[in-house]
Structures are given as structure tokens and as C-alpha cells.
Amino acid sequence: MQENKTSTALFLIGSLCAGIFILDLMIPTGIAIGMLYALPAFLACRMLPCREAVLVTLGCTLLIPLGAHFSPAGGTPWMYVTNRVLSVMVVWITLGLAFQRQRAQEIQATSENRLEGIVQSAMDAIISVDADQRIVLFNPAAERMFQCRAEDALGEKLDRFIPERFRTAHREHIRHFGLTNVTTRRMGQLGKISGLRADGEEFPLEASISQVEIGGKKLFSVILRDITQRVRAEELAAGQKAILEMMVTGMPLPDILSQICLMMEARSPGMTCSILLLEGTRLHLGAAPHLPEGYNQAIDGLEIGSSVGSCGTAAFRKEPVFVTDIPTDPLWADYRKLAKTYGFRACWSTPIVSSRERGMVLGTFAMYYRDSRSPKEEDHRLIEMATNLAGIAIERKRGEEALKRERDFIAAVLQTAGALVVVLDTEGRIVRFNRACEQASGYRFEEVKGQRVWDFLLVPEEMEGVKAAFEDLWTKGLPNTHENFWVRKDGERRRIVWSNTVILNLRGSVEHVIATGLDVTEVKQMQEQLRRTERLAELGTLASGMAHEIGTPMNVIQGRAEYLLQRTTEEPIKKGLATIIAQVERITKIMNQLLTFARRRPIERKPMDLKKTIADCLDIVQERLKQHRVEVETSYAEPLPLVHADPDQMSQVLLNLVLNAIQAMPEGGRLSLALEPEGPGMKLSVADTGSGMPAETLNKIFDPFFTTKDVGAGTGLGLTVVHGIVEDHGGAIHVYSVPGRGTTFTIHLPIHREFSQGGEDLPA
Amino acid sequence: MDPNQTVILLVEDDSEMRSLLCDELWDLGCRIVEARDGDEALQRISDARPDVIVTDLRMPAGGLDYVARLRTFAPNSPIILMTAFGDATTKAAALKGGVVAYFDKPVRLADLKTAIRRVLDGSHLGNGQAAQNSEET
């Protein structure tokens with residue numbers, strides 16, 4: 001084809017050249033016929049490829065002198081040479097100019113083609129409008145985007161593709177842009193522009209605008225990109241983020257699941273979602289914000305199975321079940337009527353599975369449609385996202401619940417444990433303080449939280465030891481044990497045996513110290529009492545055994561001294577003998593008291609009125625009370641039950657305590673005697689406002705031979721006897737004393753016969 | 001040996017104690033018959049009927065049984081009992097068994113002597129003894 005064209009052109013040009021040559025031959029040389037060769041040169045350039053055009057021109061150049069040679073002579077030789085040279089020059093200049101022009105045309109054509117190609121094949125829609133905003137260019141991408149053919153669009157107003165509410169603003173925008181010198185600008189920086197498709201659908205787009213002025217006319221070009229997908233993806237991502245935030249902030253599960261449903265429903269108009277939770281083999285409503293209440297109630301508690309609608313089957317099969325047409329699907333056989341009532345035609349349900357436990361179904365996510373429908377690619381993506389989110393939410397909530405149950409359980413164990421449990425942080429501050437601690441210390445957790453134990457619970461003398469034990473825990477992290485006192489809120493001391501251990505953090509350093517303690521105050525007291533009782537029993541046996549052996553020798557010493565005393569007149573000897581007698585008498589007194597204790601007769605209990613015993617006792621000591629300026633105060637609860645005790649021994653007890661109290665108040669004071677029922681027994685208290693005793697003394701006051709009185713003034717057995725008698729009665733005696741403030745003895749005695757433990761005498 | 005002399009039977013296993021009592025009671029002007037234990041005491045009763053028996057309780061062949069035997073063999077001899085740190089039960093039993101005086105050792109010798117004198121004076125004695133005393137005096 002191309003060949004033919006070239007040949008034809010070559011033939012034409014050749015013929016033209018030949019014609020000119022013939023003409024030249026006929027015209028005298030003086031006339032510049034050679035100039036005519038510029039015509040074939042020009043045509044060659046236009047019609048022939050470059051090489052052929054040059055060859056044609058070369059041929060012309062040869063023909064010019066040749067024609068001159070054969071032409072009839074005319075004019076001067078000078079003229080002849082001049083016009084031939086000029087002719088050659090004209091031919092070549094013509095060729096050069098023609099070439100140049102052709103090149104320029106070619107360049108332009110290429111450029112236009114390229115631009116056209118870009119415009120046609122661009123992914124983005126390109127629309128050009130003139131100053132009147134009539135469309136002059138509408139590329140295929142624009143056709144697809146707006147669902148409008150170019151032929152229909154060209155010449156139309158741009159408004160046609162803009163939602164009505166934006167039209168004025170848009171026109172203003174373009175007009176305003178036209179007034180600026182800016183050539184290109186992004187439109188709608190916030191990405192809020194919308195387009196209008198031929199079917200009326202609005203869609204989000206991104207646009208840039210440029211302007212050029214051609215021949216004094218403004219031409220605006222807009223490049224548009226449909227960002228529907230991107231916006232949807234962004235919306236989904238934002239929705240997903242919002243739901244994750246709801247989970248993190250601990251919103252209730254139904255709210256989160258509802259939000260998932262709403263987000264999915266927004267993606268697909270006309271669709272309704274539900275999330276059901278699987279508990280055992282039954283499905284319960286998780287969330288279905290737009291399903292009718294009646295429908296929700298009807299399927300709540302649905303037992304899963306191999307053909308139980310979409311959800312029941314999906315949960316049973318552990319795989320998605322897409323029922324695209326309910327009226328014809330066998331899975332819905334039993335529920336068709338229900339679906340019809342509420343107008344559902346399609347229901348796609350996907351099991352929500354556990355990410356932790358393979359094959360464990362947590363629930364189902366279902367999409368309901370009112371028309372028969374099959375899922376598309378996009379739907380599968382949405383379903384996957386919804387089930388993932390719901391799965392995370394459900395598992396997270398279940399995890400939280402399990403954690404809370406665990407925490408509550410541990411807290412309950414801690415609270416109900418009999419042991420004291422204190423947890424301290426690295427600074428030694430209390431972070432946990434269980435009920436046993438509250439009971440032992442008298443402080444409430446709220447009062448001690450954040451405080452250091454050594455700031456208020458310890459006795460000063462034990463502070464260092466406790467601190468050392470804790471220091472050891474921090475530094476070595478090894479469990480240890482120790483024993484110390486706690487000072488109760490009311491000042492009472494409790495003996496506590498501790499077993500300490502540490503909790504390490506992830507870095508392996510000590511984070512908390514856990515001290516588990518047992519309040520052994522009572523145990524210690526009992527041990528002490530037992531020890532004392534045993535010691536007293538031994539002492540009694542010993543004393544009885546010794547009595548006879550000692551009695552006779554002492555009698556001999558005393559008797560001999562008396563014998564000699566009567567037979568001497570020497571004063572120093574008399575004095576010495578008197579001393580011997582006095583000292584033997586002292587021993588005798590001690591022995592007698594000891595024996596009184598050791599050989600107590602069995603108690604003879606009878607119902608007795610302690611009030612009378614007190615009155616009798618006060619009668620006996622009346623003189624002494626006056627002498628020591630001691631006031632007496634008695635208080636008796638009413639009605640006062642009788643106690644079951646030995647009246648003689650009770651008198652002995654009371655007398656002992658009252659005499660001690662008087663002796664403790666050499667400067668006078670107040671003696672308070674009180675009787676009140678307490679628990680199953682009776683409490684007798686004898687309190688003085690005397691000198692009191694330090695703790696070390698208190699621990700020993702019931703020990704035999706322990707006395708604070710001057711040598712010879714007391715035997716140290718009075719309280720031992722009291723203690724023994726009370727114990728024989730199955731009672732208990734306690735002493736509280738504050739140095740400088742006074743001492744209180746309290747005795748608990750049984751009221752009823754059942755409470756007495758028999759009056760076994762100590763071995764004598 | 002003056003058959004009319006008042007006889008005191010002193011029963012005590014401890015020789016020092018016995019010696020002390022002999023020395024102390026000497027000035028009562030009585031004949032003191034000593035015995036070292038219960039058995040010896042019963043022998044001495046058969047030798048000479050004592051006007052008063054001063055006896056220890058806890059010694060070989062002693063105890064409350066021994067006191068009872070003394071009462072049987074010498075129903076008319078008043079008994080003064082001494083015992084080292086005796087207890088109330090013993091004291092009650094002894095007094096019930098016919099003992100006229102009871103002393104816990106260590107006993108003040110002055111008190112013991114007073115008691116013996118009273119017994120010998122018959123002011124606190126049973127009828128038999130008083131009659132016997134009056135016959136002998």
C-alpha cells in the first residue's frame with residue numbers, strides 16, 4: 001500500500017520533472033525556467049520518504065544544467081550561469097523548507113496522538129469544559145464512572161454530573177478558579193466532593209482541576225477519581241477501630257455486638273444482621289438491633305442441629321450456611337412460616353469461631369435479606385470481618401469474665417482464710433490486708449492501705465528484726481519466717497507467726513512481698529498456761545514429798561534455838577537465837593503456803609452468790625482499806641446469775657486479789673469490783689488504780705515464788721494459789737496492767753454445772 | 001523407878017528430834033519413855049502405861065493405823081500427835097481417831113509443853129484418864 005503510494009508519487013514527480021525539462025529545452029537559456037524544479041522538490045518532500053525526496057532533488061539539480069546545455073541560446077553567458085545557479089539554490093531551499101515544515105507537523109501529530117491515548121486510556125475520568133461549563137471532552141473512564149456515553153455528554157452542562165445540592169457551589173468554585181492564575185489545583189481538599197451517576201447514585205470522588213487559555217478562550221479540565229471503594233474501606237477501618245475501642249474500654253458485650261451489626265448493615269442497605277451466642281447446644285440472642293422483637297424471641301434458645309435454619313445449622317456444622325432462598329431451602333423447612341411472617345427471603349449465617357480453641361464455635365453471624373440473594377466477593381469480605389470482630393469481642397468478654405471469676409474467687413479465699421495475708425509493695429506499703437488481718441489488728445483495710453507496717457503495727461523493740469527480715473526478702477527473694485507482735489488498734493498485743501514469700505515481676509525482680517501469718521496469741525497463752533500448770537503440779541508433788549523431810553529438821557533447829565534461848569542470859573546469843581527462830585518460821589510460812597496450794601482439797605461446788613463473797617471479803621479488809629485510804633466501787637449487772645463454785649476457795653481468791661490491790665496503792669486509790677455475765681460464764685473483775693506492772697512482770701505474776709514485794713513480805717504464792725483455784729474451777733484468769741495507771745484482774749467462772757470441768761485436785 | 005511418876009511416851013524416829021524433846025520435856029518432872037517407831041511404841045505401852053503419848057505420825061510402822069492401834073492398846077492414854085506439814089485431811093482424821101492435840105511440825109515447843117501440861121492436869125482429858133490421873137497423884 002505504502003509502496004504503491006510512493007511509486008505513484010515517484011511517477012507523478014518524475015513526470016513533472018520530465019515536463020519541466022522538456023519546457024526548459026524549448027525555452028532559451030536566458031529565461032530562468034529551472035526555478036520550476038522547486039515544485040517537484042516540494043512535492044517530493046511532502047509525498048515521498050526523506051531519502052527519495054533527496055534523490056529527486058539531486059535529479060532536479062542535474063537536470064537544471066543539463067537543460068541549459070540543450071536549450072537554445074539566449075541572453076549572455078553570465079545571465080545563463082546566474083539563473084542556473086539560482087535555480088539550484090531555489091530547489092534546495094524549497095526542499096529544506098519543506099522538510100522543516102514536515103518535521104514540525106510530524107512532531108505535533110505525535111504529541112496529539114499521545115495525549116489522545118492518555119486521555120482515552122486514563123483510569124481517571126477526564127472531563128474538559130469551556131468557560132460556559134459545557135463539556136468538550138469526556139473520556140471513556142468518565143463514561144464508566146458516570147455511566148454515560150461521551151456522545152450524550154459532549155456539549156452538555158457539567159451540572160448534570162453533580163448532585164443538585166453542590167451545583168451552585170461547584171459553579172462558583174470553577175468561576176473563582178478561573179479568576180486566579182493558578183493552573184492546577186486539587187478540588188475538595190477534604191475529599192468531600194460527590195459525583196452523580198446517570199442512575200442517580202451519588203458517589204464520593206477525588207478531583208483536580210486545571211485551566212488553559214486557547215485563543216483567548218478558557219478551557220477547564222477536571223480529572224476525577226471514584227473513591228467509593230477507598231471511602232468504604234476507610235469507613236470499615238474506622239468502624240472496626242471504633243469497635244475495638246469499645247472492647248478495650250470494656251463496654252458491655254451486647255453493645256459491641258450491636259455496633260458490629262449496625263456497621264455491617266450500613267454497608268448493605270436492606271440487610272439486617274444478627275449475632276447469636278452459642279451456650280452449650282443452644283443459641284441465644286447476642287445482638288440484633290434491627291430484627292423484629294418477635295423474631296428474636298422466637299429463635300432465642302434455639303437448639304442447634306443439622307437442619308435448623310441458617311444459624312442453627314451453621315453452628316452445628318461449624319461452617320457457613322448461605323440460604324439464598326428461604327421458601328425453597330430444606331434447612332428452613334421448620335422455620336419457613338416464621339421467615340414468611342417477618343418477610344425474610346435469604347439468610348446467610350457464618351459461625352463465629354474461637355481463635356484460641358480450634359473448632360470451638362462461639363456463636364453465629366447472620367445477614368437477612370428480604371429478597372432472594374447470593375453472597376458476592378464483597379459480602380464474603382464483610383462477613384469475615386464481622387465474624388472476626390465478634391469472635392474477638394466474645395472471647396475477650398469471656399476471658400474477662402473468667403478472669404473476674406478467678407479474681408473474685410481468689411479474693412474470697414483470701415477474705416475467708418483464717419490466716420492473715422498481707423501483701424506489701426517494694427516500699428513496704430500495704431497493698432492487701434485480708435479480713436483475718438482486720439480482725440487481728442482491729443484496723444480496716446481502708447485505714448491501712450498504703451501505710452508501712454512498721455509505722456503503726458509493730459512494737460519498737462521488734463522493729464529492727466522485722467525490717468531485717470523484709471530487707472532479706474527484697475534482696476535475696478527467698479522465703480523466710482519470723483515471729484512478732486502486732487499492736488492492735490486498741491493497744492492489745494497479738495503474737496503472730498509469719499511465713500513470707502515474694503512475687504517476682506517479669507524482669508525477675510521482687511515486686512511484692514506476701515506475708516502469711518497465724519495469730520498464735522491464744523495458742524501461746526494456752527501453752528504458757530499449760531506450762532505453768534505443769535510446773536505447779538510438779539511443784540506440788542515436790543513440796544508434799546519434801547514436807548516431811550524438812551519439817552523434822554526445821555523443828556529440831558527451831559526447838560534447839562528455843563531451848564537454848566531459855567537457858568542463856570547473854571544478849572548477843574539471845575539475839576542470834578531469836579533470828580534463827582524467826583528464819584525457821586519464815587521457811588515454815590512458805591512451806592505452809594506451798595502445801596496449801598499443793599494439797600488443795602477437792603473443790604466443793606455449789607451454787608453461790610459472788611456478791612456475798614465480795615461483801616464478806618470487803619468486811620474482812622475494811623480496816624486496811626481505811627488505813628490505805630482506798631475507795632471501793634462495786635458494780636453488779638442485774639440480774640446476776642449464781643456461779644457454780646467452792647465458796648471457801650472463792651473467798652480465798654478474792655481476798656488474795658483485794659489484798660494485792662490494796663498493796664499496789666500505798667498512796668490510796670480506787671478499788672473497783674465488778675460482776676457481769678459474759679458468754680457462758682460470769683466475769684469477776686478486780687481493778688486498782690495503783691502502780692501497775694510492766695509486761696515482763698505480768699508474764700510472771702502467776703509463777704510460784706515470784707514476788708515484787710520486799711523480801712519476807714510476800715511468799716510469791718498468793719497469785720499462784722489464785723490461779724490454781726480458778727483453773728480447778730474450769731475458769732480463766734487474765735490480768736491487764738498499765739504501769740502507773742493500775743491493774744485489772746478478770747476471772748471467768750462457769751455459771752452452769754455443765755460448764756464446770758470437775759474439781760480434780762492436783763497430785764499431793 | 002517411881003511407879004507413881006507420870007510417864008510420857010515419846011515416839012519419834014528422828015533421834016535429834018527425840019533428844020530435843022527429851023531435853024525440853026525434862027523439866028516437866030515426868031519419866032520419859034522413848035520409842036523410835038510404831039512397833040517400839042506398842043511394846044513400851046505394854047511395859048508401862050503412859051499418862052500421855054507424844055508421837056510423830058510419819059515414821060516406820062506409823063500412820064493413822066498406828067494411832068488407831070495405840071488407842072486400842074492404851075485406851076486411857078491421851079495422844080498428842082505431831083506431824084511434819086500435815087494437811088487438813090490428816091488433822092481431821094487424827095482428831096476423829098481420838099487424838100487430843102494435833103501439831104504441825106515445826107511445832108513451837110512452848111505450845112507443845114502447854115498442851116502436855118493441860119493433858120496431864122486432866123482439864124482436857126477424858127473421864128478415864130482424869131480418874132487415872134487423880135488415882136496416881
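Trainee: Let's start with cysteines: how many disulfides does a search of the whole structure find?
Mentor: Zero, over all chains; a disulfide here is a pair of cysteine sulfur atoms within 2.5 Å. Cys50(A), for example, is in no disulfide, and the nearest cysteine sulfur, that of Cys45(A), is 7.4 Å away.

Trainee: Before I go on, what kind of model is this?
Mentor: This is a predicted model, where local features need pLDDT of at least 70 and side-chain atom pairs count only at pLDDT 80 or more, while totals for chains, interfaces and linings use all residues. Residues are numbered from 1 along each chain as its sequence is written, chains are lettered from A and ligands numbered from 1 in the order in which they are written, and side-chain values use heavy atoms, with hydrogens and water left out.

Trainee: Thanks! Back to Cys50(A): what does it count as, buried, exposed or partly exposed?
Mentor: Cys50(A) counts as partly exposed because its relative accessibility is 46%. Buried means under 20% relative accessible area, exposed over 50%, and partly exposed in between (1.4 Å probe, protein chains only). Cys30(B), with a relative accessible area of 7%, is buried.

Trainee: And which residues are buried in helix 2 of chain A?
Mentor: In helix 2 (residues 38-47) of chain A they are Ala38(A), Pro40(A), Ala41(A), Ala44(A) and Cys45(A). Looking down the axis of that helix, these buried residues fall within an arc of 165 degrees, so they line one face. The arc is taken from the directions from the helix axis to the C-beta atoms. Helices (H or I, at least four residues) and strands (E, at least two) are DSSP runs, numbered from the N terminus.

Trainee: OK, sheets next. What is the strand order in the open sheet of chain A with mixed pairing?
Mentor: The five strands go 19-21-22-24-23 in chain A. Two strands pair if DSSP finds at least two bridges between them. Strand 19 (630-636) and strand 23 (732-738) of chain A are at the edges with a single partner strand each, so one side of each has no neighbour in the sheet. From one strand to the next, the twist averages 15 degrees.

Trainee: How many bridges pair strand 22 and strand 24 of chain A?
Mentor: Seven, in the antiparallel sense, between strand 22 (residues 681-687) and strand 24 (residues 742-750) of chain A. One pair to find there is Lys683(A), which stands opposite His748(A) in strand 24 of chain A.

Trainee: What packs on that sheet?
Mentor: Helix 22 (residues 647-664) of chain A does, touching strand 21 (669-678), strand 22 and strand 24 of chain A, and its direction makes about 170 degrees with that of strand 24 of chain A. Helix 24 (residues 718-728) of chain A packs on the sheet too, touching strand 23 and strand 24 of chain A, at about 140 degrees to the direction of strand 23 of chain A. Contact means heavy atoms within 4.5 Å. Axes are lines fitted to C-alpha atoms, for helices over the stretch in contact, and angles run from 0 to 180 degrees between N-to-C directions.

Trainee: Which residues touch the most other members in the largest nonpolar core?
Mentor: Of its 40 residues, they are Leu610(A), Leu657(A), Val658(A), Leu671(A), Phe745(A) and Ile747(A). A nonpolar core is a set of buried Ala, Val, Leu, Ile, Met, Phe, Trp, Tyr and Cys residues joined through side-chain atoms within 4.5 Å. Helix 22 of chain A gives this core its largest share, seven residues. Leaving aside neighbours within four places in sequence, Leu657(A) is in contact with Val686(A), Leu719(A), Val722(A), Phe745(A) and Ile747(A). There is also a second, separate core of 31 residues, including Ile243(A) and Met367(A).

Trainee: Switching to chain B: what order do the strands of its open sheet follow?
Mentor: Five strands run 2-1-3-4-5 in chain B, with parallel pairing. At the edges, strand 2 (31-35) and strand 5 of chain B each pair on one side only. Strand 4 of chain B is joined to strand 5 of chain B by six bridges, and Leu81(B) has Tyr102(B) as its bridge partner in strand 5 of chain B.

Trainee: Last one: which residues of helix 3 of chain B are buried?
Mentor: In helix 3 (residues 64-73) of chain B, Tyr66(B), Val67(B) and Leu70(B) are buried. They fall within an arc of 105 degrees seen down the helix axis, so they line one face. The face turned away from that buried side carries the exposed residues Asp65(B) and Thr72(B).
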